[in-house]
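Thanks for coming. Please look at the structure first.

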Amino acid sequence: YGMARRTTTLEFESHERHDTNARGTMGPDHNVRCQMTKKGESFGYNRWIYYRMWVISQILEDRLEEYYRSNFALTRSQWRILSTLSFKGSLTASELAQWTNQDKTRVSQCLAELSEGGLLSRTKDKEDGRRVTIKLLPKGKRLFARISPKAQELETELFSILSPAEQNALSGLMDRLQAWAFQFTKSGKPF
């Protein structure tokens, strides 16, 4: 795996003891709890919830990237665009940049590459010629359909350690956190 994966795994393991939990899988020691801190109170970055979500995300993305890079010669940025368009339908380049959390220049480069490969179309809006709508072509939809089962397998494996009730609760919490994050980004509030 890439350097980022090795580093994040080592950082995570160096700060917490691991043992086998009731389901027989490795996990953080049950004495280590995720806790929010009071304002001004400090704790290690490895306990920050967004750091922990990032670590999980990177591990899963690295694994999926191995598959789509070796089998379909896609980059992570291209995969993010394909999957986002698959779920959202059609978007502008600016909207894609926001949804995929990538800069506009990178999105523009990926759009050119994916368009050249016959995976998506870019259509000028008839009412506003400056606005270009991007959507997947049948070839792009078929490619997404070939890769997405692997992404689903990873998610299923991740969630297998949670009960159905825990899975539903986590999904609902993630919806709320994601909505907040998008609002935070749009608000432009200074940090």
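Start with burial: a residue is called buried under 20% relative accessible area, exposed over 50%, and partly exposed in between, using a 1.4 Å probe and protein chains only. What you see is a predicted model, where local features need pLDDT of at least 70 and side-chain atom pairs count only at pLDDT 80 or more, while totals for chains, interfaces and linings use all residues. Residues are numbered from 1 along each chain as its sequence is written, and side-chain values use heavy atoms, with hydrogens and water left out.

Now the chain as a whole. It has 191 residues, and 25% of them count as buried. Its accessible surface is about 13,400 Å², with 55% of that belonging to carbon and sulfur atoms. Those areas come from the Shrake-Rupley method with a 1.4 Å probe, and for residues only the protein chains shown count as cover. A contact means heavy atoms within 4.5 Å. Taking contacts between residues at least 6 apart in sequence, 48% join residues at least 24 apart.

Next, the elements. Helices (H or I, at least four residues) and strands (E, at least two) are DSSP runs, numbered from the N terminus. The chain contains 7 helices and 5 strands. In sequence order the pattern reads α-β-β-α-α-β-α-α-β-β-α-α.

Two packed helices are described by the angle between their axes and the distance between the axes. The axes are lines fitted to C-alpha atoms, for helices over the stretch in contact, and the angles run from 0 to 180 degrees between N-to-C directions. Angles under 35 degrees count as roughly parallel, over 145 as roughly antiparallel, 65 to 115 as roughly perpendicular, and the rest as oblique.

How do α2 and α3 pack? Helix α2 and helix α3, residues 76-88, meet at about 95°, and their axes are 10 Å apart. That makes α2 and α3 roughly perpendicular. On the α2 side the contact uses Q58, E61, D62, L64, E65, Y68 and R69, and on the α3 side R76, W79 and R80. By class there are 3 nonpolar, 1 polar and 6 charged residues in this contact. For the classes, Ala, Val, Leu, Ile, Met, Phe, Trp, Tyr, Cys and Pro are nonpolar, Asp, Glu, Lys and Arg are charged, and the others, Gly among them, are polar.

One residue here deserves a look. E61 sits in α2, which covers residues 49-72. E61 counts as buried because its relative accessibility is 17%. Not counting residues up to four places away in sequence, E61 touches R76 and R80.

On to α4. Helix α3 packs against α4, residues 93-100, at about 105°, with axes 10 Å apart. Again, α3 and α4 are roughly perpendicular. R80, I81, T84, L85 and K88 of α3 meet L96, W99 and T100 of α4. This contact has 4 nonpolar, 2 polar and 2 charged residues.

Then α5, residues 104-116, which packs with α3 at about 80°, the axes being 10 Å apart. From α3 come S77, Q78 and I81, and from α5 come R106, V107, C110, L111, E113 and L114. They divide into 5 nonpolar, 2 polar and 2 charged residues.

Now the sheet. Two strands pair if DSSP finds at least two bridges between them. Which strand order does the open sheet have? The order of its 3 strands is β3-β5-β4, and the pairing is antiparallel. β3 (90-91) and β4 (120-124) are at the edges with a single partner strand each, so one side of each has no neighbour in the sheet. Between β4 and β5, residues 132-136, there are 5 bridges, and R122 has I134 as its bridge partner in β5. Between β3 and β5 there are 2 bridges, and S90 is partnered with K135.

T92 lies between β3 and α4, and T92 is buried at a relative accessible area of 10%. Apart from neighbours within four places in sequence, T92 contacts R131, V132 and I134.

Last, two backbone angles. Most residues other than glycine have a negative phi. A73, in the loop between α2 and α3, has a positive phi near 55°. A73 is exposed, at 62% relative accessible area. N101, in the loop between α4 and α5, also has a positive phi, about 55°, and is exposed at 70%.
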